[in-house]
Structure formats: C-alpha cells, structure tokens
Amino acid sequence: QVQLVESGGDSVQAGSSLRLSCAVSGRIYSSHFLGWFRQAPGKEREFVAGIRMSGNKYYSDSVKGRFTISRDSTPKTLWLQMNSLKPEDTADYYCAVARRGYSRDSKDFDVWGQGTQVTVSS
C-alpha cells in the first residue's frame with residue numbers, strides 16, 4: 001500500500017551538495033521507521049540515515065556531519081540533504097520503510113523506492 005518515489009540524484013563534483021527527496025503515498029504509522037540506503041556497483045546495500053516519526057535521527061559514521069535526514073508530514077516526503085559530497089558517496093540511493101521500527105539492516109525494510117543515482121567526481 002505504501003509507495004516511495006525518489007528523485008534528485010545527479011552527477012556533481014566533490015564538495016558539492018545535493019538534496020534527495022522521497023515522495024511517500026499510502027499510510028505511514030508512528031511505529032514505522034523511514035530510511036535511506038545506498039548501493040554502489042558490486043557492493044552490498046548499506047544504511048545511510050534513518051528517522052523515527054518522533055523525529056529521532058540516525059546516521060552511518062561515514063555520512064554523519066555531512067548528511068541530514070528530515071521529513072515533511074504534508075505532503076508526506078522524506079529528504080536527504082547531502083553536503084560535502086565525496087567520490088565514495090557515489091551510489092544508487094533508495095528510500096525505504098521498516099514497518100517493525102528502527103533498524104539499520106536492509107532486510108528489515110519492507111517497502112523500497114526505485115532508486116536515484118548519485119555520482120560524485122573528483
């Protein structure tokens with residue numbers, strides 16, 4: 001029932017900023033956990049950032065201090081502000097929902113967007 005659509009990916013130079021958005025349709029419950037993951041070619045999908053409906057935020061060590069996750073209730077939107085981008089940030093970025101609550105494991109997320117590509121050049 002929940003559907004997610006990411007947008008905002010682009011090809012940029014190192015040090016640049018990008019703002020990714022995830023449009024959410026369907027019902028989101030207070031117990032749900034919303035997150036961003038990324039997957040580079042040949043690599044496993046990894047947790048980037050997440051947010052509880054209460055507003056608590058969580059980040060991977062690799063992006064802490066550079067990325068900011070946020071949400072809007074109306075319309076339902078999940079955001080990822082990415083600053084000081086590095087070449088190692090290059091990946092397909094996905095938003096996702098874990099119905100069972102907080103997790104950093106992609107296996108616990110039930111609904112996924114289609115992904116948006118971010119490329120960071122030196």
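Leaving aside neighbours within four places in sequence, Y93 is in contact with E6, L20, W36, F37, R38, V48, F67, L80, M82, G115, T116 and V118, where contact means heavy atoms within 4.5 Å. The model is predicted: local features need pLDDT of at least 70 and side-chain atom pairs count only at pLDDT 80 or more, whereas totals for chains, interfaces and linings use all residues. Residues are numbered from 1 along each chain as its sequence is written, and side-chain values use heavy atoms, with hydrogens and water left out.

Y93 also belongs to the largest nonpolar core, which has 28 residues; W36, L80, M82 and Y93 touch the most other members. A nonpolar core is a set of buried Ala, Val, Leu, Ile, Met, Phe, Trp, Tyr and Cys residues joined through side-chain atoms within 4.5 Å. Buried means under 20% relative accessible area, exposed over 50% and partly exposed in between, with a 1.4 Å probe and protein chains only. Among the elements that each supply at least two residues of this core are strand 4 (33-39), strand 8 (77-82) and strand 11 (116-121); strands (E, at least two residues) are DSSP runs numbered from the N terminus. A second, separate core of 7 residues includes F33, F37, A96 and F109. In soluble globular proteins, nonpolar side chains tend to be buried together.

The whole structure contains 1 disulfide, a pair of cysteine sulfur atoms within 2.5 Å. This disulfide joins C22 to C95 with an S to S distance of 2.1 Å. C22 lies in strand 3 (residues 18-25) and C95 in strand 9 (residues 91-98), so the link ties together parts that are 73 residues apart in sequence. Both cysteines, C22 and C95, are buried, and their link is right-handed, with 70 degrees about the S-S bond.

Aromatic rings form a further set of interactions. The structure holds 9 aromatic pairs, defined for rings of Phe, Tyr and Trp (its six-membered ring) by centres within 6.5 Å; planes under 30 degrees apart count as stacked, over 60 as edge-to-face and the rest as tilted. The ring centres of F33 and Y102 are 5.2 Å apart and their planes meet at 70 degrees, so this pair is edge-to-face. F33 is in strand 4, whereas Y102 is in the loop between strand 9 and strand 10 (111-112), 69 residues apart. F33 is buried at 1% relative accessibility, while Y102 is partly exposed at 35%. F33 and Y102 are both members of one aromatic cluster, which also includes F37 and F47.

Key
Helix = DSSP H or I, 4+ residues; strand = E, 2+ residues; numbered from the N terminus.
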